[in-house]
Amino acid sequence: MATDELSSKLNRRLQIEDGDHDAVAFEESHENGAHEKPATASADSELGAKLQRRGELNEGVGGHQQPSMKVFNPYTEFKEFSRKQIKDMEKMFKEYDSEKDNYIDLMELKLMMEKLGAPQTHLGLKNMIKEVDEDLDGKLSFREFLLIFRKAAAGELAEDSGLHVLARLSEIDVSTEGVKGAKSFFEAKVHAINESNRFEAEIRNEQEEKKRQAEERKQRQAAFKELKSAFK
């Protein structure tokens, strides 16, 4: 009987929170000696489900989960490509991301292939996305876009596939000599060191180029001021 009374009180509390004011009358009649028939098994099951659901929500379980915010670094994940190659790929990706949502959807891919001179059928476009669509959202993220060129460089794309055509017509040279050709551990080690040095050299070249551009800009500004003062 104590269990039935506890169940009735919990049921009343849930009904009050859900806006059901008839629960008040139910408890009053129960406390005044009215002997109600115990709740059926289905009612108990429904009450238990509600309580479990409420507990899950309070604990943050079963509610809307925020997507993972894992940081993606193309330079560390796609080490087989140089910084220039990745920047060229990023430039191409942004060029066709007309909605600027960091994705290339089916219509944007359609436009890309048409501009590259290799239009695809609707089914062909869907198959292109499907081949690298790891999260199955029906569109290409920048990481998935880079996977196209990784597969192309590794020879994993069929020559008649849309992705192979895209990589070939993109004018981005992805040919690279990988560690697979190394004959020994030491050759592989030397290759890794050379790759690291090449990466650092590219960063230095970028920094020097930015400095040179800044210096030229400063010189042009000084020349303009000198010319302007001559007319005063």
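**Entry 1, confidence.** I noted that this is a predicted model, and I looked up its pLDDT, which averages 75 over the chain, with 59% of the residues scoring at least 70. Going through the elements, I found the highest mean pLDDT, 96, in helix H6 (residues 106–115), and the lowest, 46, in helix H2 (residues 22–31).

I marked residues 20–37, where pLDDT stays under 50 and the model has twelve contacts beyond four places in sequence. I also marked residues 177–186, again with pLDDT under 50, for which there are six such contacts.

I looked up the count of salt bridges, which comes to nine. One of them joins the side chains of Arg150 and Glu80, at 2.6 Å from N to O. Arg150 lies in helix H8 (residues 142–153) and Glu80 in the loop between helix H4 (74–77) and helix H5 (83–96), so this pair ties together parts that are 70 residues apart in sequence. Arg150 is partly exposed at 25% relative accessibility, and Glu80 is partly exposed at 25% as well.

**Entry 4, within a helix.** I then checked Lys94 and Glu90, whose closest N and O atoms are 3.3 Å apart in a salt bridge. The two are four residues apart in helix H5, and therefore separated by about one helical turn. Lys94 is partly exposed at 48%, and Glu90 is partly exposed at 26%.

Methods: Residues numbered from 1 in each chain as written. Predicted model: local features only at pLDDT ≥ 70, side-chain atom pairs only at ≥ 80, totals over all residues. Heavy atoms only, no water. pLDDT = per-residue confidence, 0-100. Contact = heavy atoms within 4.5 Å. Buried < 20%, exposed > 50% of the residue type's maximum accessible area, 1.4 Å probe, protein only.
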